[in-house]
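This report walks through a two-part structure, taking the overall form of one chain before the details of the other. Have the sequence and the 3D view open while reading.

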Amino acid sequence: MKKVAIIGYAQHPILENAGALNEVELIMPVVHQLFDELGISQNNIDFTCSGSCDYLQGAAFAFVEGLSAIQTNPPIKESHVEMDAAWAMYESMLKIQMGDADTALIYGFGKSSPGRLDSIISLQMDPYYISPLWPDRVSLAAIQARVLLEKNIITPEQMITAVIEARTNSKNNKNALVTELVDKEAYLASENISSPLNEFDCPPISDGSSAMIIASEEKAYEFTDHPIFIEGIDHRIESSNIGSRDLSKPTGILASIEKLKLEKIKFDVAELHTQFSHEVPYLQSVLNLSDVPTNLSGGPLVGNVMMCAGLDAIGKTYESLKSNDFTNGLAHASSGPCLQHNMLVHLEKKS
Amino acid sequence: MSDQKDLLRAPFELAYNYKRSSGPLMSKFFDALAEQKILGTKSSTGKVYAPAAEFDPETHESLSDLVEVGPGGVIESFSWIEEPKHHHLIKNPFAFALIKLDGADTSMLHMVTECDEADLKIGSRVSANWSATIENRITDIKFFTLEK
């Protein structure tokens with residue numbers, strides 16, 4: 001199997017409300033930042049793949065407009081996933097492994113501020129048994145949080161720690177949206193949105209975009225002597241029937257851990273697509289990360305651009321490996337209610 | 001500019017102006033709601049999925065053996081909403097809950113209300129309340145309330 005490396009990643013400053021900036025105007029700066037850093041143009045890209053959600057824009061095929069951010073003449077090979085852009089990266093990686101491309105541009109974008117994210121996410125679920133009840137994303141997350149708390153898999157203290165650390169770590173990410181520190185008193189004084197979750201346990205409504213460029217092994221060495229390879233990647237989805245899942249048993253993630261033989265790897269850093277505070281200690285425990293610096297970027301709790309935050313976890317892991325004396329990094333991307341669909345990515349820097 | 005009379009025009013209605021079929025299995029589930037019955041499906045391993053599932057996510061077999069479950073059941077987990085938002089169907093404080101109906105091995109997502117948060121626990125028994133009008137939708141079950 002051909003090896004694939006990440007050679008560039010850029011993130012737009014995460015905004016509370018991008019206002020009149022449209023999706024194209026959010027994507028263009030990050031794509032061009034990458035092109036400028038690598039000294040290339042769209043002509044050097046063999047395959048382009050984006051991740052976004054038409055529900056956010058409220059129009060069918062809204063993602064097509066995103067292509068206005070890049071040069072599409074002469075015609076390009078292009079695809080889109082109605083998923084987090086982490087899965088656009090997955091598709092691009094397969095394209096390179098199949099020998100159809102040596103370079104790929106991935107971008108993700110999302111503007112959550114104009115709509116009502118809670119009701120929009122409800123619409124994306126099972127249209128027979130779940131959507132008609134209008135369960136919001138916070139309430140579904142809260143159902144899993146309560147299961148984990150009840151079974152003592154996590155503690156309320158760990159949730160508070162996750163919130164405090166996310167805010168503290170936001171200083172490491174110049175693009176973070178939420179940078180205000182919070183203490184335990186403020187956390188405890190906060191009213192629940194959907195018990196047991198309060199506003200600090202939830203990610204901020206965020207607008208933004210991110211882009212990444214990946215390349216085949218030969219191509220990657222044209223840009224760097226120390227490529228950061230996608231050494232292992234695996235994603236699994238669990239039932240859309242939320243009531244048939246054991247919300248305290250991450251069967252999909254456990255299968256990925258086994259497939260990727262993660263227990264044999266000593267990770268230097270991890271970035272998790274943990275949108276709610278309870279997911280941080282839960283996944284740290286599942287992934288055996290108690291001694292591994294996790295979410296040094298602050299993670300989704302300090303900026304959660306829909307359809308980008310998973311790609312951002314991969315991108316932030318890449319940045320950590322690139323700028324530190326690190327070798328192995330673990331990234332996690334997620335989709336669906338209560339961590340239904342999860343991707344694990346093992347990145348390794350060649351010395 | 002071309003003459004106004006040469007322009008092609010078409011009406012445009014922004015709506016989901018189509019009907020969705022609920023299929024051979026789930027249509028039976030929705031028809032049964034009209035009789036105030038809740039159906040599940042039984043797999044070859046004996047596991048009962050409720051609400052009725054079209055396939056078993058563990059064995060991947062298609063399911064067709066319908067069995068009646070509920071209308072009472074046990075709360076497996078819940079989230080409590082003290083201040084409902086615009087899109088919520090219940091305007092008073094309520095819970096979204098996973099409810100394992102009597103006779104089922106999996107849970108159904110629905111709502112529980114007419115109680116306080118402190119009244120609810122994992123393990124609390126609840127029972128279905130029915131809507132006055134039947135629409136063959138999951139909302140024909142109006143919500144669940146604590147069993148007296």
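Predicted model: local features only at pLDDT ≥ 70, side-chain atom pairs only at ≥ 80, totals over all residues.

**Chain B: overall form**

The C-alpha trace of chain B spans about 70 × 40 × 30 Å along its principal axes. Of its 148 residues, 34% are buried. Among contacts in chain B with a separation of 6 or more, 50% join residues 24 or more positions apart.

The secondary structure of chain B is one helix and eight strands. The order from the N terminus is α-β-β-β-β-β-β-β-β.

**A three-stranded sheet in chain B**

One open sheet in chain B has three strands in the order β2-β1-β3, paired antiparallel. The edge strands are β2 (48–49) and β3 (65–69) of chain B; each has a single partner strand, so one side of each lacks a neighbour in the sheet. Strand β1 (residues 38–42) of chain B pairs with β2(B) over two bridges, in the antiparallel sense. Look at B:Thr41: its bridge partner in β2(B) is B:Tyr49. As a general point, strands of a sheet pair through backbone hydrogen bonds, either parallel or antiparallel.

**Where the chains meet**

How many residues of chain B are in contact with chain A? The count is 30 residues of chain B, touching 28 residues of chain A. On the chain B side, the elements giving two or more residues are β4 (72–81), β5 (94–101) and β6 (108–113) of chain B. The largest share, five residues, comes from β4(B). By type, the chain B side divides into 16 nonpolar, nine polar and five charged residues.

| Helix | Residues | Length | First to last C-alpha | Expected span |
|---|---|---|---|---|
| α1(A) | 23–38 | 16 residues | 23 Å | 22 Å |
| α12(A) | 309–323 | 15 residues | 21 Å | 21 Å |

Start with α1(A). Its buried residues are A:Glu23, A:Leu26, A:Ile27, A:Val30, A:Val31, A:Leu34 and A:Phe35. Why do they lie on the same side of α1(A)? They cover an arc of only 155° around the axis, which puts them on the same side of the helix. The general rule is that an α-helix has 3.6 residues a turn, so residues three or four places apart point the same way.

What does that side of α1(A) face? The buried residues of α1(A) pack against β1 (4–11), α3 (63–66), β4 (103–111) and β7 (205–216) of chain A. After the helix comes A:Gly39, whose phi is positive, near 70°.

Now α12(A). This helix is mostly covered, with 13 of its 15 residues buried.

**A buried lysine in chain A**

A:Lys349 sits in strand β12 (residues 341–349) of chain A. Is A:Lys349 buried or exposed? A:Lys349 counts as buried because it has 22 C-beta neighbours inside 10 Å.

Which residues is A:Lys349 in contact with, leaving aside its neighbours within four places in sequence? They are A:His226, A:Ile228, A:Leu321, A:Phe326 and A:Thr327. A:Pro227 is 122 residues away from A:Lys349 along the chain, yet their C-alpha atoms are separated by 5.9 Å.

Definitions and conventions:
Residues numbered from 1 in each chain as written. Chains lettered and ligands numbered in written order. Helix = DSSP H or I, 4+ residues; strand = E, 2+ residues; numbered from the N terminus. Expected span 1.5 Å × (residues − 1). Buried ≥ 20, exposed ≤ 12 C-beta atoms within 10 Å, placed from the backbone. Arc of directions from axis to C-beta. Contact = placed C-beta atoms within 7 Å. Nonpolar A, V, L, I, M, F, W, Y, C, P; charged D, E, K, R; others polar. Pairing = 2+ DSSP bridges.
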